[in-house]
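Here are my notes on this one, jotted down as I went through it. Have a look at the model, then read on.

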Amino acid sequence: MHFTSAPDTATIHQLIARAQAYKRDPFPAEAPGRHRTLINLFFNPSLRTRLSTEKAGYQLGFQVITMDMAGGWQLEFEDGAVMNLEKAEHVREAAGVLSQYCDVLAVRSFPGLEDREADYEDRIITAFKTYATVPVVSLESAIRHPLQSLADCVTIAEHALHLRTRPKVVLTWAPHPRRLPQAVANSFAEWMLAWGEVDLVIANPPGFDLAERFRAGTQVLHDQREALRGADFVYAKNWSSYDDYGATAELPDWIVDEDKMALTNNAYFMHCLPVRRNVVVSDGVLNSDRSLVLQQANNRTWAAQAVLGVL
Ligand code: CP
């Protein structure tokens with residue numbers, strides 16, 4: 001059993017309940033990680049994912065090993081490659097070897113944002129799933145960030161209790177100076193739709209629609225203010241273009257600020273972090289008591305425990 005995308009509706013509900021149970025009682029008497037090893041493999045930087053997954057692993061009783069692949073051999077992912085250049089090891093051997101040392105293998109690998117077909121085949125996480133003989137957990141792949149999305153579901157569930165109706169959740173594109181993956185936004189949409197407990201609206205500029213498979217069945221508006229009206233939760237994130245693959249745009253007016261939040265139903269503000277202050281979101285919104293960014297980060301630990309605890 002792997003954990004790399006959104007599971008079915010029933011399982012999402014179970015995962016949320018399990019995460020909440022670990023939040024109340026982090027150290028289970030029957031430690032599911034006892035005498036087992038978790039390896040976290042990072043091809044890209046991280047703060048939250050690395051530390052929350054390590055903490056989750058330790059609290060479940062795992063022995064935890066984290067490796068930054070900047071210090072490892074460069075891996076080849078192509079089958080049939082003649083490996084006479086800089087790539088010293090094939091993923092077949094690497095995944096096979098790692099499986100000798102651990103019981104669960106967690107991997108973070110971002111997309112190149114140059115070759116859409118390759119990125120959307122999610123080749124790196126797929127290769128590890130193919131060649132590892134232990135369960136593989138995504139710590140964010142080229143196109144998805146499922147542990148973040150599970151933590152986001154937990155955060156929304158915790159803060160939607162007072163609402164009389166299904167919460168309106170707006171995923172809004174926001175400005176950013178760099179080209180970013182679509183993974184967080186794809187996954188957020190995928191999980192919100194699979195969870196089935198919220199009404200999701202996506203706001204993004206023309207040319208920034210997410211891939212059809214992630215936004216199917218969702219209202220997509222190109223007018224951010226219209227989308228934000230009556231929102232209960234505002235989830236801001238930048239992503240580069242899927243259509244003009246990897247392209248970005250300078251659109252500072254898409255910042256989430258106090259004026260825009262005033263259009264909402266006193267909405268909570270969410271972002272996965274790290275966030276660029278006064279580019280993505282104003283100081284006023286981020287510093288307000290409606291900001292849930294630290295609660296989201298906190299819930300990453302319980303989300304990771306909910307997943308690792310059953311693998
Ligand atoms: N939200 C998140 O995944 O943060 P890191 O990139 O710091 O792990």
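What percentage of the 311 residues of the protein count as buried?

1. The answer is 45%, where buried takes 20 or more other C-beta atoms within 10 Å of a residue's own, with C-beta atoms placed from the backbone. Bear in mind that this is a predicted model: local features need pLDDT of at least 70, side-chain atom pairs count only at pLDDT 80 or more, and totals for chains, interfaces and linings use all residues. Numbering runs from 1 along each chain as its sequence is written.

2. On overall shape, a compact globule with 311 residues would have a radius of gyration near 19 Å, and the protein agrees with its 19 Å (taken over C-alpha atoms; the rule is 2.2 Å times the number of residues to the power 0.38). Its C-alpha atoms fill a box of roughly 55 × 50 × 35 Å along the principal axes.

3. Now the inside. The largest nonpolar core has 91 residues, and Leu105, Phe128, Val170, Val234, Phe269, Ala303 and Val307 touch the most other members. Helix α7 (residues 183-195) gives this core its largest share, eight residues. Core here means buried Ala, Val, Leu, Ile, Met, Phe, Trp, Tyr and Cys joined through C-beta atoms within 7 Å.

4. Take Val170: beyond its neighbours within four places in sequence, its contacts (C-beta atoms within 7 Å) include Val201, Ala203, Ala227 and Val234.

5. As for the ligand, the residues around it include Arg48, Glu140, Gln148 and Cys272, using a C-beta cut-off of within 6 Å. That shell splits into four nonpolar, three polar and two charged residues.

Terms used
Buried ≥ 20, exposed ≤ 12 C-beta atoms within 10 Å, placed from the backbone. Helix = DSSP H or I, 4+ residues; strand = E, 2+ residues; numbered from the N terminus. Contact = placed C-beta atoms within 7 Å. Nonpolar A, V, L, I, M, F, W, Y, C, P; charged D, E, K, R; others polar.
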